[in-house]
Amino acid sequence: MIEKISFSATINGQKVGPMDVPQDLMMVELLQEYLNLTGTRLSCGQGMCSACRVIVDDPAKGTYTVAACVTGVAWLNGKTVRTIEGIAGEDGQGAPLPSAIQQAFLEHFSFQCSYCTPGFVNSATVLVEQLERSPIAADRVEDVVLESLDKHICRCTGYVRYYQAVKDVILSTPGLTHENPVVLERPA
Amino acid sequence: MVASPVGQDPGWFAGGRLRYRRDGMAKVTGSKVFAIDMRARDLDGWPDHQSHALTLHVPRADRVYLGLDLSVLEPDLAPDVLIDAERLAKDKVTMPDADFYGDFFLEPGNVSPMLGQPVALGIWHDYERFRAARKLLQFNNDIFRFGEQADPPKRAPYGAARFVRIGGDDPRGADRFSPMKDYVVWPDTDESGVQWPAHDHPAFGAAMGHSSDIQSEMENPPEGSRTFAREYRSQSIDPCAMEMENGLGWYDPDSGRLNVVGATQSPYSAAHHILEMMSASTLPLKALDFVTGYTVGYGQKEHQSFPYYVAMAALYGDGNPVRLALDRWQHFQFALKRHPFDIRTALTVDKDGQFQAMSCDMTGDGGGVMNFSPSVGTVAVTAAQSVYYMPKSDMSVQVLPSIGVTSGSMRGYGTLQSMATTEMLVDEIADEIGMDAIELRRKNVIQSGMKNTQGAVPSGHLRIGEILDIARQDPLWTERADRKAAYEAENPGTLYGLGFASVQKDFGTGAEAAVVRLEITPEGRLKMRHVAAEIGAGATTSQMLVTEPYLGRPADEVEFSVQHWPEMPLKTEDQPYTTPQEEEDQLSQDPYWVPRFTSPRSASNSAYYFTHATQQAAQLLLRLALWPSALAIWGAGPSGGQSTPEPLRFEDAEWRDGMLVARSMEPLSLERLAKRAHEKGSITGVCIHTFNRWAWTEAEFEVEGQSFRAPIDALSVKWGTGADAARKAQMTDGGYAFQPRTKVYYPPVQRNNAGTVYYAPCATLVELGVATGSGKVTILSHKTWLECGTQIVPELVSGQLQGGIAMGIGHALYEDLPTDADGPGNGTWNYSRYHLPRASEVGVWTQTGHVLPPLSGEDPPKGMAEVVMIPIVGACANAIAHATGHRFYSFPISASRIQEVL
Amino acid sequence: MNRFLRIVTLFALFGLVVLGTVYWIGRGSGDIPAASVDFASLDGDQRQEMLERGEWVAHASDCAACHTDPSGGSDLAGGLPMETPMGTIYGTNITPSDDHGIGGWSADDLYRAVAWGVAPGDKNLYPAMPYPSYHQITRADSDALWVWLMAQRPVNKPNRSNDLIFPFNIRPAVTLWNAFFRPDAEPFQPDETPAAQGEYLVNVLGHCGECHTPRNLAYALTDDHLAGEVIEGAYAPDLRPDALARRGWTEDDLVTFLHRGLSPQGVMTFGMFPVLSHSTSHLATDDLEAISSYLTAGQTMTGPQMDKPVAVLSPEGASLYTGLCAGCHGTDGAGQPNSSVRLDVNTTAMYTNPLNLIRVIAEGIPERDLAQGERMQAMPAFDQMLSDQQMTELVNYLRQRWGGQEGDVTAEVVQSAREEGHAAR
């Protein structure tokens, strides 16, 4: 007998549910098999490669990411979630309008096979949002990017172009760092 | 098939400039691009309801398998369909080329040849029961009934070969003996092992005699020379494609139509092998539609058996589409691995540091099924010379079966294992004879026109010497002693090491075939069909750009990974390596015959071989379609129009700002040319086939009165919408008219013995710290030099380089799979236990890469995605030796292995 | 803590009063046994034998536990901070560096330091150096250790001065402590029986009691040998035979745990992880079996028991478990091979003290290599995601479902455990 729970959530701004799903269902299964949102990719299935990382926006606890492969619908019930399908905007003609992070990944040729890209987009997005609230010194950017993204495994790229892209976004977006090197280079 | 999200975004190429990958927008927004993203409801014409399949793999190979006990699933969760060996035998569904791919399922009553062999496949028609059942079956070894202890079946070695060469006095002159001039030794093998021929063997005796002579001379080198012999081991590696083996199939028993969405680097052979799988079956197969998603593999998805499991599962879906996707544990359990090798290498060096002779004897572990083991072995050992000229060499290899998971053709194809260890030996010799390690390399480097260990002359100018010259002047190298002292004073307890290695890696397979079709629409849009499939490396971006110099812009519309080529009605036995010369001469008389139809996406082959095909198609479209139209426009008018005063030749054609120009003629847009060609019913499309056997096949054609010779071996053309009835009647081959070649020049079959002639050189310097306590290695920085001809897209080249290095670091320091009963075939392996390098472990902020400028405007692009991962492996080992004073001979050089000796 | 400090300070003041009478008791070392060999006349084989024995002593006595370099270089170059109620003590450089290490020490010096807690120049070591446990080291083992230490790579890394509160920042004060709590050095009588070997490994070299034995108000070990203690923000569990049996240990599982860092009962975490990597993973099976048989002496070890939950489980706890834990540890607590431990027989929920359970959930465990090829994935930290109330529900659920413990942990207990965790990090 398959035990069920009633699940509802806000996913990419859309109300989902209430729907009856197995109580031990993992988020990645819900997204892929019930909602046909397959951009959240399953790779290790044990929460350690971060390909499936999605964003949870919790008014009380703040924004954080979880590995959708090992986080159950039981935890996400009633919560607000963003997946890769909800990151880009729309240009008014039905075409995607990439976010700053997505645009940087494109221009840096950051990804190859792209299996891990949605996870990188989501973690980098949360990092940028954190820096909007609490900026860091420009000389700490490399360390902070590494701390935030080291949990993501990529087998194609050697990470360099992802990291350079995120660093570029952080350094070129006003307000994310204390001392913007572009400003520093100006003559006094 | 679903409308691909790739191609809907035109923003990738704008303002005459590549802005991002063609598949970039689809990929960065998480669109459905992989086969694993597809569900039945995404596919046009498929039923929405989808079933789910699960393979069951035996975790051991030391007991008789008696059958399954699925009582744990009773009563509700038992599979709706269970397929096993008996069921397939009944329906006569067989694994195509079972010697190569293995059997679908182990029959009860036998010991499995390997850990992880499938024994059955279950299908559940709804997801919730499927997932509940899967949970009960996962890690549950009680579902397999085993009998008594017994040995796995005995098998003969998968392959063995010996390459013996004795050069003449001039490295560029005639050889005394070599595979190219004479032959490769292919010994007999049986269950007792390899039977190396005796000296009096009628076919191979002479080579074996030379081999013995080289060996004994190396054992007793002449006065002043020394022989250094070392034994190395390279481990088993999982390529770890992030997308697991998967696929989706739908078989409609009423219509007999089988649709398969697969994930493979070799879609063309997969499709053909599915037909073979069904050839004897009692289940009707009327039509097959095999497509592959964008995928990734590093060789793991090249000629793997998995697509056949998908197709087979589909047959039993009771009319429902069936999805079969391994989870990561199963992917470790069943997907192809990189061959472990035991390598004994010896080098004889004279007192000046000049290499006199080399021998290398490699024993590979091919795992449970043959797959590409024989050729991985020969490619590995023929690469062992690395970047050096060897006056004499005796190179032998054998690849043996084992109970491990099947080894396939992972990135490097065996050459990583051989070249990295040669680079370690050369580094050690430099130490032993007191010579600068790059100086020693420079002294022995193979130069243009010199022969490789097969006796073949590599293609073009060899530029590894240029790289060595740059590297030896690099401050990292020249100041290494000071840097070591300074670092160790600053970081007490951590040892600094700098290591270097240089290699050159072949690309291609010696039988590279490609098909490309290019045409212009009446509106002037450029449409392409191509065999290339996307595996992440960017071929579908670069191949579109290749048309630009010839046609003024990249292709506007494209269909990649094309399996159906009615416009190229060729025939082939697909035996390009084994057909004797006489027979090939006979066969090639038939203009429809080619040695092979197409090659998989592998062997770093797109940049060179596919580019050649795309270029030829573009050039022929220009020559046969656009140029005549241009001449007609320029020549229009009573007295020959504007062109009469100018002596126009085809060579004058060039593109400026998207317009065709020639001397002082009026610039013409593609739109105008296309309109004219279609109106007049002249040629508007070409489809070409190419073949390379370490040289390009050329053929002569006569098309519309024009005779020409081109480096292609088959051609079809299409006339425009205004074509006359006679021409329209000729276009019977998928809307094209096949143009039989009048003469063909296939490279002689003896060139198969060349092993390779196309090389891309690469070298890496790496500096690292070794913690004396834990033995932990920290990469401080690395610097790589690469030569790859003309870069089509420099960003893609650099991305391959960075990614290859990370993978090489994993091989050198972290990744390791046991080959015994604790290996991944037992189903308990995942990234938790298998250490993939993370960003913090690859010097993500401190690495640099440099690409040499091309030699000429037409310097062809070289395949480089494999070579870049190799020098870092040897360089890491050499750096650790520099840091610790201890030489390691076994990969990975893990912290615990270092800790043991410190 | 405050009460503790007040008493200790009172004690110290009292000590000042009786200073004159007791100072001589705790000062310096007593007589020491003669060197076990004549170092000058060792031949190659003898020296090699001593080196091997010395390496074994270094592993068994886990010198690196405290003397490692936290910046990741040498295991013996010092610098590791150790938090004690008296302040922070930094491990010292024990490489044979002349300037910063023990390059100038004789074998006698090493024996005095290890067994008596007195460094050359009659300098008292702080009892963070476990001489109250090492006092029974044999002179031969101390000598072998000396030979091995002197053969190690010298690392010229200066020592970091300790950061202790008054009056502990005055080294002579240790003399007073020694007078009351330091056992005299008396070499263990060598005995080849496994039981004696086990006792020597556990109590002398392994100094297990330094963490696992409760301490008194003066931070000295009490007589409740191995009865469990909270140290450096984590609970070092009760290792007495009946407690081990109750938690489902077997002799074999203990050996596996010490050898590989992993057994059905759990994985090495907190302070035991470095013990694994520096010490127990390097010991031979014979040694581990000796340790195991000593720890389980006289007790029937029945192994892991899968008991029914002790109470009706709360739906909130169950939902949290399914939502956050079951993905890796399984709905039934079966775990996943080589990655996520079983929870159905894991001992962490079996301690009355919930400190470790709360801290592991809040802080997670980093991805790391264990031993003999075992490697564990990271366990994520749930600190941000769980309120005190949710953590309370989850902890009580785990305790009741598999721990055989009452669901009596309160939000206040959770809060203070989290604070303890924050302080210890």
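**Close-up 1. Strand β3 of chain B, covered on both faces.** On one side of β3(B), B:Ser51, B:Ala53, B:Thr55 and B:His57 are all buried, and so are B:His52, B:Leu54 and B:Leu56 on the other. Here a residue is buried if 20 or more other C-beta atoms lie within 10 Å of its own, exposed if 12 or fewer, and partly exposed in between, with C-beta atoms placed from the backbone. Please keep in mind that this is a predicted model: local features need pLDDT of at least 70, side-chain atom pairs count only at pLDDT 80 or more, and totals for chains, interfaces and linings use all residues. Residues are numbered from 1 along each chain as its sequence is written, while chains are lettered from A and ligands numbered from 1 in the order in which they are written. Helices (H or I, at least four residues) and strands (E, at least two) are DSSP runs, numbered from the N terminus.

**Close-up 2. The partners of β3(B).** Strand β7 (residues 118–124) of chain B pairs with β3(B) in the antiparallel sense over 6 bridges; two strands pair if DSSP finds at least two bridges between them. Within β7(B), B:Trp124 is the bridge partner of B:His52. Strand β16 (residues 322–325) of chain B runs parallel to β3(B), joined by 3 bridges, and there B:Leu324 is the bridge partner of B:Ala53.

**Close-up 3. An open sheet in chain B.** Its 6 strands follow the order β23-β22-β21-β27-β30-β31, with mixed pairing. At the edges stand β23 (557–559) and β31 (737–739), each with a single partner strand, so one side of each is left without a neighbour in the sheet. Strands β27 (residues 683–692) and β30 (residues 714–719) of chain B run antiparallel and are joined by 6 bridges. Look for B:Cys687, which stands opposite B:Ser716 in β30(B). Helix α18 (residues 606–634) of chain B packs on the sheet, where it touches β21 (512–520), β27 and β30 of chain B, and its direction makes about 150 degrees with that of β27(B). Axes are lines fitted to C-alpha atoms, for helices over the stretch in contact, and angles run from 0 to 180 degrees between N-to-C directions.

**Close-up 4. Helices α5 and α6 of chain A.** Helix α5 (residues 141–149) and helix α6 (residues 160–172) of chain A pack at about 125 degrees, with their axes 10 Å apart. From α5(A), the contact is made by A:Val141, A:Glu142, A:Val145 and A:Leu149, and from α6(A) by A:Tyr162, A:Tyr163, A:Val166, A:Lys167, A:Ile170 and A:Leu171. Residues are in contact if their C-beta atoms, placed from the backbone, lie within 7 Å. By class, this contact has 8 nonpolar, no polar and 2 charged residues. Ala, Val, Leu, Ile, Met, Phe, Trp, Tyr, Cys and Pro count as nonpolar, Asp, Glu, Lys and Arg as charged, and the others, Gly among them, as polar.

**Close-up 5. Where chain A meets chain B.** Here 47 residues of chain A are in contact with 50 residues of chain B. On the chain A side, α3(A) gives the most, with 4 residues. That side divides into 27 nonpolar, 12 polar and 8 charged residues.

**Close-up 6. Where chain C meets chain A.** This contact takes 17 residues from chain C and 15 residues from chain A. The chain C side divides into 6 nonpolar, 10 polar and 1 charged.

Notes: Two residues are in contact if their C-beta atoms, placed from the backbone, lie within 7 Å.
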